[in-house]
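Here are a few friendly notes to read alongside the model.

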Amino acid sequence: MSAAREDAQVEYALVLGSNLRPARHLRFALRRILDGREVLACAGPLRTRDAGGGRFLNAALRVRTREDAGMLRAALHAIEDATGRVRGSEQVSLDIDIVASREADGAMLLHKPGDLERGYVRTLLARIGFE
């Protein structure tokens, strides 16, 4: 995706997940994501299991911002890191993925198309109106 123009806002579909104090970490993420961004829709929490049977709490947000995908991804990684996230660990304090974006002209871009293979991701995206 090209960098968002200074006057253009982009909508992003974010999927959040946690299996370590999940309610606390999802609330924390929402508060931090609200800082400088407009939340248009929220779905969840939804209880899920990973392939190994681990229990997760997942949610989705549709946000609007002037940030391009790289800037937003860096901000989301900082939020994950603030919860003590250790990448590669089975204990996931917080994971926030940009799944898709929609430009002002309606053009949609999938950032993580493989995530759409997961039924809960499709369910959450439908609940936030990002289909």
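1. The protein's secondary structure amounts to 3 helices and 5 strands, taken as DSSP runs numbered from the N terminus (helices: H or I, at least four residues; strands: E, at least two). Along the sequence, the order is β-α-β-β-α-β-β-α.

2. A word on the source: this is a predicted model, where local features need pLDDT of at least 70, side-chain atom pairs count only at pLDDT 80 or more, and totals for chains, interfaces and linings use all residues. Residues are numbered from 1 along each chain as its sequence is written, and side-chain values use heavy atoms, leaving out hydrogens and water.

3. Have a look at β2 (residues 38-49) and β3 (residues 55-65), which run antiparallel and are joined by 9 bridges; strands pair if DSSP finds at least two bridges between them. Val39 sits opposite Val63 in β3. The hairpin of β2 and β3 has 5 residues between the strands, and there Gly53 adopts a positive phi near 95 degrees.

4. How does the radius of gyration fit a compact globule? The protein has 14 Å, which agrees with the value near 14 Å for a compact globule of 131 residues (C-alpha atoms; 2.2 Å times the number of residues to the power 0.38). Its C-alpha trace spans about 40 × 30 × 25 Å along the principal axes.

5. Of the 131 residues in the protein, 42% are buried (under 20% relative accessible area, 1.4 Å probe, protein chains only). Among contacts (heavy atoms within 4.5 Å) with a separation of 6 or more, 67% involve residues 24 or more positions apart.

Conventions
Buried < 20%, exposed > 50% of the residue type's maximum accessible area, 1.4 Å probe, protein only.
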